[in-house]
Amino acid sequence: MNNTSTLDLLLWVVLPYMVLAVFVLGHVWRFRADRFGWTTRSSQIYESKLLSIGSPMFHFGIIGIFVGHVVGLGIPKSWTRFFGISDHVYHVMAVTIGLAAAVACVGGLLILIYRRRTNTRVFGATTVGDKIMYLLLSLVIVFGVLATLVHTTFGDYDYREGVSIWFRQFWTLQPSTELMGQAPIFFQLHVLSALLLFAVWPFTRLVHVFAAPVGYLTRPYIVYRSKDPRRESERRGWEKVDF
């Protein structure tokens, strides 16, 4: 086995499965050892104006990117053709919607980074894990945008014939090193930076993604009553009796 094949094996088979193990076991450890730290570590108390702009932009953008990745990586080309979506129409939709989501995500992330770097109190609450998280998030998004623009929009690489197949093979425990080894450089960097992000995910504030307040759907209603200033002097538990 030559050096290139060995490197491909390490990068596109060994490393992804190691990251998957760290991702799963890391969340289990974090939940058991740091349950009260399972939070976004919100800094809204320090600054809310920029946060109210950047946070929705980033989250809506990342949701759009996530949905696009689910479709692009998880659904084979034959399926979309079966439902009457031609390759050209899919390509146009993927590029336009994907870039729109990327613009929102990048714009929101830049606002959040600017806010965190320029606001003294917010920056003081920033941990080393936060800095690593922001760096890796930025790399993943930048390499993803470059891969789309350079290799797909203005190039001729069809990731649905390469990266997508490798991704689906990964979950069947038969990943092909050739598919990723022959992928363009920005797609490789995009996948590698994403793997690094998933590796540190359980040890950062990103764990809040798995803390959706599902219990709110079934909990009893909380009844709020306004305070009547005319009854301030009355004793609780007693009703006023008129003679």
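Leaving aside neighbours within four places in sequence, with which residues is Leu197 in contact?

## Contacts of Leu197

Leu197 is in contact (heavy atoms within 4.5 Å) with Met133, Leu136, Leu137, Val140 and Leu206, its neighbours within four places in sequence being left aside.

## Basis of the model

This is a predicted model, in which local features need pLDDT of at least 70 and side-chain atom pairs count only at pLDDT 80 or more, whereas totals for chains, interfaces and linings use all residues. Residues are numbered from 1 along each chain as its sequence is written, and side-chain values use heavy atoms, with hydrogens and water left out.

## Nonpolar cores

A nonpolar core is a set of buried Ala, Val, Leu, Ile, Met, Phe, Trp, Tyr and Cys residues joined through side-chain atoms within 4.5 Å. Buried means under 20% relative accessible area, exposed over 50%, and partly exposed in between (1.4 Å probe, protein chains only).

The largest nonpolar core has 18 residues, of which Phe58 and Leu197 touch the most other members. At least two residues of this core come from each of the helices H2 (49-74), H4 (87-118), H6 (128-153) and H9 (185-200); helices are DSSP runs of H or I, at least four residues, numbered from the N terminus. H6 gives the most, with six residues. A second, separate core of 14 residues includes Tyr90, Ala183, Phe187 and Val191.

## Residue Ile63

Ile63 lies in helix H2 and is partly exposed, with a relative accessible area of 48%. Its C-alpha atom is separated by 9.0 Å from that of Cys105, 42 residues apart along the chain.
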